[in-house]
Amino acid sequence: MSLRALRRMAPSAYIWLALAAVYFVVPLFATFEFSLKENKAGAPCCTLHNYGWVLHNGDFWHTIKISFLLAIETIVISLALFVPTIYWVHLKLPRLRPVIAFFALVPFVVPPIVMVVGLLRTFRGTPNWFYGTPWGFLAAAYVILAFPYMYFSLDAGFRSIDVHTLTEASQSLGAKWTTTLFKVILPNIRTAALAASFLTLAIVMGEFTIANLAAFHTFPIFLQYVNESQGFPAGALTLLSFLITWAAMLSLLLVGRKRGGRGAVITGAR
Amino acid sequence: MADQGGRVGISTEALPKPLRPDHGSGRRRLSFAWVATLPFFAYTIAFLFLPAGAVLLGAFQDKHDNATLANVRLLFHNPYLDAYKTSIEVSLVTALLGGILGFMVAYAAIREGTPRVVRSMLTTFSGVAANFGGIPLAFAWIATLGPLGIVTVWLRNAGYNLTQHGFQLFSKTGVEIAYMYFQLPLMILVIAPAIDGLKREWREAAANLGAKQWQFWRYVGIPVLMPSLLGAIILLFGNAFAAYATAYGLDQGLNLVPIQIGDYYTGNVLDNPHLAQALAFGMFVVLAVMMLLYVPLQRRAARWAK
């Protein structure tokens with residue numbers, strides 16, 4: 001970006017972009033500044049004490065492990081559900097495609113707060129290994145949350161490859177269905193699957209609504225607990241949470257860039 | 001990147017090229033092919049449609065599962081009526097402001113004269129920031145405009161006391177300011193392709209015919225963009241309306257519908273879960289109305305996009 005290029009900009013464009021930059025950057029900077037403060041009057045400016053507090057907190061490691069494992073479980077279930085289905089629909093049942101697309105879109109119009117109310121009512125009284133653990137109830141809900149992102153990413157991936165030719169080639173060489181799926185199809189939609197997985201990771205690591213109403217202790221719940229009880233360590237945790245989201249989203253953008261021209265994506269952890 | 005694909009949101013159009021006819025599959029093979037999609041449909045029914053149905057049904061049942069309109073009727077009394085009013089107001093304000101300001105920022109980044117790198121930086125950042133939200137976002141605003149926030153302290157040192165001038169972060173205004181942090185990026189992402197649709201030739205043609213800048217916008221720019229703008233604003237409305245965690249992290253006492261619903265499960269007021277289901281049903285109705293408005297507007301917007 002040369003100076004000459006900047007000089008060609010309209011003055012009003014400068015103002016709008018500068019205002020936006022201030023609005024977006026100041027809260028991030030404020031969070032960073034808070035994370036370096038200490039809870040004592042007259043303490044020197046900057047301390048890494050809060051980061052130490054986080055790293056030595058057993059609950060932090062416990063909850064972040066739960067959230068991370070939940071994300072992995074959600075990704076595995078979603079991929080297992082969607083990859084064979086979309087593959088099959090592209091190969092044999094093209095007329096079913098709009099139906100699947102519609103089903104995958106429904107979670108967009110059902111807010112998580114409404115979804116959890118329904119889930120709690122529907123599955124009350126089911127065995128404890130499902131209703132009482134995050135690995136059952138929460139994972140089941142998060143797979144639904146991931147539906148639109150999984151579907152649109154994978155569907156785009158399948159559209160960009162020639163499913164028929166790949167399948168025929170594989171079968172004429174004597175491969176079984178499972179071999180075709182795992183050794184031929186999956187490597188060809190790897191980037192789409194990766195993009196969908198990063199997105200799901202970002203959603204699950206930040207999801208608060210369902211976990212809070214269903215009373216499971218995930219990482220965002222721990223963050224809210226610290227937020228309520230002690231101000232400055234919450235700054236360090238918030239920054240960490242931002243970093244997780246940013247890392248997932250930027251990995252997604254990088255993966256998408258390699259494939260060229262991916263649509264923007266909007267998740268729902270709010 | 002959002003600016004290359006322009007494929008924001010949703011497309012359910014048919015395949016671009018005709019599918020290769022499937023010689024091998026007769027009628028009997030087809031009925032077998034159905035079976036392979038069963039796990040997907042079973043999952044969707046069990047964890048999406050059954051719960052949604054449970055909400056709709058539960059809203060019209062009393063404690064003993066008999067049919068009743070009492071819960072839905074209660075929604076028209078306070079505090080629930082008030083909760084809907086506040087929720088709709090917060091969503092409208094942040095959707096309209098987010099829509100207008102987001103459009104301004106997006107246009108500033110896309111218009112001629114602005115280096116292209118600015119645009120790609122803005123869309124990349126928006127892609128990330130639209131995914132912000134929840135408790136971390138609430139904390140970021142506490143650190144900024146809370147009682148000890150850096151902007152609050154900075155203004156106080158400069159002789160301006162925010163609190164004395166009636167500003168409170170833990171309030172409706174505070175929640176609205178925080179919501180803008182994900183509303184603006186969403187608007188930028190959604191409206192950028194529409195701004196690209198404003199053809200340069202139109203502007204030159206208008207100028208050649210002697211139109212001033214404001215006349216171009218009044219008679220060409222805004223009418224062409226209007227359906228996309230309205231559609232995007234409705235999307236923003238739904239986005240804010242469904243939000244729970246950000247408001248919860250800032251002000252648990254604010255009377256919003258999601259917070260009312262949440263109180264039923266996190267507090268100790270589980271005497272009538274059907275009321276929570278009725279509240280959820282009401283949210284569903286508001287969102288459904290918004291979606292019904294969205295579809296024809298989207299159709300009109302598509303007319304100009306060719």
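B:P79 sits in the loop between α4 (70–74) and α5 (80–110) of chain B. Helices here are DSSP runs of H or I, at least four residues, strands are runs of E, at least two, and both are numbered from the N terminus.

Some housekeeping. This is a predicted model, where local features need pLDDT of at least 70, side-chain atom pairs count only at pLDDT 80 or more, and totals for chains, interfaces and linings use all residues. Residues are numbered from 1 along each chain as its sequence is written, and chains are lettered from A and ligands numbered from 1 in the order in which they are written.

Now chain B as a whole. It has 14 helices and 0 strands. Of its 306 residues, 40% are buried. Buried means 20 or more other C-beta atoms within 10 Å of the residue's own; exposed means 12 or fewer; partly exposed is in between; the C-beta atoms are placed from the backbone. Take the contacts in chain B with a separation of 6 or more: 78% join residues 24 or more positions apart. A contact means C-beta atoms, placed from the backbone, within 7 Å.

Stay with chain B and look at helix α9, residues 172–197. Is α9(B) enclosed or open? It is largely enclosed by the rest of the structure, because 20 of its 26 residues are buried. Its end C-alpha atoms are 36 Å apart; at 1.5 Å a residue, the 26 residues should span 38 Å, so the two agree. The expected span is 1.5 Å times one less than the number of residues.

Where does α9(B) kink? At B:I191, by about 40 degrees, shortly before the proline B:P193. The bend at a residue is the angle between axes fitted to the seven residues ending there and the seven starting there. Leaving aside neighbours within four places in sequence, B:I191 contacts B:G102, B:F103, B:A106, B:S228, B:L229 and B:A232.

B:I191 turns up again in the largest nonpolar core. That core has 157 residues, and those touching the most other members are A:V116, A:A141, A:L154, B:W141, B:I191 and B:A280. In chain A, helix α8 (residues 134–159) gives the most to this core, with 17 residues. The core also draws at least three residues from each of domain 1 (3–35) and domain 2 (51–259) of chain A. By definition, a nonpolar core is a set of buried Ala, Val, Leu, Ile, Met, Phe, Trp, Tyr and Cys residues joined through C-beta atoms within 7 Å.

Over to chain A. It has 14 helices and 0 strands. Of its 270 residues, 46% are buried. Residues 24 or more positions apart account for 80% of its contacts with a separation of 6 or more.

Next, the domains of chain A. The assignment gives domain 1 (3–35) and domain 2 (51–259); such bounds come from an automatic or database domain assignment. Their C-alpha centres lie 33 Å apart. 4 residues of domain 1 are in contact with 5 residues of domain 2. On the domain 1 side, that makes 2 nonpolar, 2 polar and no charged residues. Ala, Val, Leu, Ile, Met, Phe, Trp, Tyr, Cys and Pro count as nonpolar, Asp, Glu, Lys and Arg as charged, and the others, Gly among them, as polar.

How do the chains meet? 79 residues of chain A are in contact with 81 residues of chain B. Helix α2 (residues 11–35) of chain A gives the most to the chain A side, with 13 residues. That side divides into 54 nonpolar, 18 polar and 7 charged residues.

A closer look at α2(A). Its 25 residues should span 36 Å at 1.5 Å a residue, and the end C-alpha atoms are 36 Å apart, so that agrees. α2(A) has a kink of about 25 degrees at A:V25, shortly before the proline A:P27. Among the buried residues of α2(A) are A:A13, A:A20, A:P27 and A:F34.

Last, two loop alanines in chain A. A:A215 lies between α12 (209–213) and α13 (219–229). A:A215 has a positive phi of about 60 degrees although it is not a glycine. Is A:A215 buried or exposed? A:A215 is exposed, because 11 other C-beta atoms lie within 10 Å.

A:A175 lies in the loop between α9 (163–172) and α10 (177–188) of chain A. A:A175 has 16 C-beta neighbours inside 10 Å, so it counts as partly exposed. Not counting residues up to four places away in sequence, A:A175 touches A:S170 and A:T180.

Conventions. Contact = placed C-beta atoms within 7 Å.
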